Amino acid sequence: MSAQITIPYMEKELSWLSFNERVLQEAADPENPVIERVRFLGIFSNNQDEFFRVRVADLRRRILIAEAKGGGQRSRTLMAEINSKVLALTTQFDEIYRQLLLDLARRNIFLVNETQLSDNQGNWLKRHFRDKIRRHIIPVLLTKDTRLDKCLEDGITYLTTEIRHNDTVQYAFIPVPSGKLPRFVQLPSEGGKTKKTLILLDNIIRHCLNELFEGIIEFDSLRCYSMKLTRDAEYDLSDEIELSLLEKMSSGLKQRLTAEPVRLVHDREMPETMLEVLRNALGIANFDSVTPGGRYHNFRDFMSFPNPGRKYLEHKKLPALSTRQFTDYKTGFEAISAGDVLLYYPYHKFSHLTEWLRQAAYDPAVRVIKINIYRVASKSQVINTLTDAVKNGKDVTVVVELRARFDEEANIEWARHLTDAGVKVSFGVPSLKIHSKLCLISRVEDGELVNYAHVGTGNFHEKTAKVYTDYALFTKHPEITREVETVFDFIEHPYRRVKFLHLLVSPVDSRRKLYSLIDREVQNKLAGQPSGITLKVNNLVDTGLIKKLYDASRNGVKVRLIIRGMCALLPGVPGVSDNIKAISVVDRFLEHPRVMVFENGGEPKVFITSADWMGRNIDNRIEVGCPIYAPRLKQQVLDMLNIQWQDTTKARVINRFQDNQYVSRGNRKKIRSQVAIYDYLVEAEQKPLAQ
């Protein structure tokens, strides 16, 4: 815990590692289908990479700055705790992986290495290597002039190869081209059709290692060991006025390619002499993470681990639902005019949104379309529809957030594509990321311009809408749509004073309104009226909001927290957070919506929002929270929150020990909330649509 903060507070980096440990628990859970367990290893690894690129890199910068001023001990202590926890998780990971290989084998799926090949398989792989793989590989040779820290790319697995000839030793670094080729190759069947054999691309290269050097470099022997470098994902944007934001972002992304290394993961079997060569060539500082691991890295590729076996080895599909909220009407505009619509992805079809946009693109009554873009799919139907709308004479404005981490390059290209198509592209406020999930469509009805709005918790992204849970509200409510329009105006003219009566808008008024809503629950409790707070977010780390929740707890207000990721608040601390309970649900879908419920004296106020409870979301981004007014929709949100709170299968307790114990089932019914919510929505589709 931080010595500088007087309230009980868990360092967010350690809390994040606790979250990723929950992901690793899913890989270890024998109740999950074996293919899904392997894929959870990929999710864990992908998360861990981002953790080092962002959070550890930030801590590393803090150490460098503090040391320049003669301090830094506290940050160094935290770094040591992080490295210790990472090492423990890596050990767990390796053991789970070994067990999963056995579990796969029991189901006639074999993941083999280059030493386990039959002669036929070995010969087939040599032909496959020459035909499909070799063209993508150019080794990097280490010489006295090689700047290895500038040559090796972030997040790529390299086979560090020792080349011995006579009395000389040379080193080469062979990239595993998994970004260009499938990481897994299925070998021709042997021993019956039921036996499926897969091999990693890494091991194909090992099997054919000689062919990369024969005739080019003389050698007596070759041996190789894997490694991966993780770089700082931050970058500096030039302050030169003549550069556009687009040019600054492009320059910044180039910096990321050669940014300082923050982690070196290597095969634990790598000889010490080879490791020392790596450390020296890369300039790895003594506080950076040098992590011994298994033979393979970039386990993120295991997120796409194929299933060559039976269907039961994966989760049974939950087909996305068509909702009568839309299908009972001829157009999306008619449906929204009949009453507010609330979708919950991935349970509902994302195509309801894209169909509404498609209709708007050629509806003669539609005049204006405005939308925020933070992340979109690589083949985005949303983007294509917006460009088609321009062809039909619509006034289309797209606010593109160029600084969406790890999507910057894609968003730069989308911005250029949209501009070329005649769309008005705005990059918003230079000092504020735009993270709101808004769309506004203005349509002429009875001679007047009428607004329709979308306010969501997730991105306009077809792919993530299949695996992330998120809310999307469609409304014609005149005051809410007017305020959504004001948000777009604020993005274009941030110097203007604005006021919101319905929406919670960061950085304008979110903090003040959230403090007021929490204070109101305290007042109601002290007055003997119904009180309580239920909060569902990805991350809860803002100290000001945590203090407010502690204050509510001390005054007897019951607080329920459903936190997927980081939770710096410590529940159950005597005299501080006795009335706060927290759980985290990790399951087949990634929990992504942000929902806030305030009991409000027995008339609950329910909000969905794009903002987590982090300082950056409250004070340094444009975020929008929206009340749910329609009684039926409000009750649905409350019901689904209650279902999740009652989860006895995939919910873990968040406590001050961060030990990720599963919620005790006791005599209660076995409830897996994500499946139960799907069943709830199936049943809801059978009920009348009265608002």
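Me: Where is P507 found?

Reply: P507 sits in the loop between β18 (504-506) and α16. Helices (H or I, at least four residues) and strands (E, at least two) are DSSP runs, numbered from the N terminus. The peptide bond from S506 to P507 is cis, with omega near 0°.

Me: Happy to hear it; what sort of model is this?

Reply: This is a predicted model, in which local features need pLDDT of at least 70, side-chain atom pairs count only at pLDDT 80 or more, and totals for chains, interfaces and linings use all residues.

Me: At what angle do helix α16 and helix α17 pack?

Reply: Helix α16 (residues 510-526) and helix α17 (residues 543-554) pack at about 10°, with 9 Å between their axes. That is why α16 is roughly parallel to α17. The rule is that angles under 35 degrees count as roughly parallel, over 145 as roughly antiparallel, 65 to 115 as roughly perpendicular and the rest as oblique. The axes are lines fitted to C-alpha atoms, for helices over the stretch in contact, and angles run from 0 to 180 degrees between N-to-C directions.

Me: Which residues of α16 and α17 meet?

Reply: On the α16 side they are R511, L514, Y515, I518, D519 and V522, and on the α17 side G544, L545, K548, L549, D551 and A552. Contact here means heavy atoms within 4.5 Å. The residues of this contact divide into 7 nonpolar, 1 polar and 4 charged. In that scheme Ala, Val, Leu, Ile, Met, Phe, Trp, Tyr, Cys and Pro are nonpolar, Asp, Glu, Lys and Arg are charged, and the others, Gly among them, are polar.

Me: On to the rings. How many aromatic pairs does the structure hold?

Reply: There are 21 aromatic pairs.

Me: What makes the aromatic pair of Y344 and Y471 stacked?

Reply: Their rings are 4.1 Å apart centre to centre, with 5° between the planes. Rings of Phe, Tyr and Trp (its six-membered ring) pair if their centres lie within 6.5 Å, and planes under 30 degrees apart count as stacked, over 60 as edge-to-face and the rest as tilted.

Me: What kind of peptide bond joins Y345 and P346?

Reply: A cis one, with omega about 0°. P346 lies in the loop between β10 and α12 (351-362).

Me: Which residues lie nearest the centre of the largest cavity?

Reply: S45, T90, F93, R263 and V265, out of 19 lining residues. The largest cavity has about 240 Å³ of space, and its lining divides into 7 nonpolar, 8 polar and 4 charged residues. α2 (34-68), α3, β8 (261-267) and β9 (289-293) each supply at least two of the lining residues.

Me: How much volume does the second largest pocket have?

Reply: About 370 Å³. Of its 17 lining residues, Y97, R98, L101, N113 and Y296 are closest to its centre. The largest share of the lining, 6 residues, comes from α3.

Definitions and conventions
Residues are numbered from 1 along each chain as its sequence is written. Side-chain values use heavy atoms; hydrogens and water are left out. On a 1 Å grid over the protein atoms alone, a cavity is a set of points where a 1.4 Å probe fits but cannot get out, and a pocket is an open set with protein on both sides within 12 Å along at least five of seven lines; lining residues have an atom within 4 Å of a point. Grid points are joined across faces, edges and corners, and a volume is the space filled by probe spheres set on the points.
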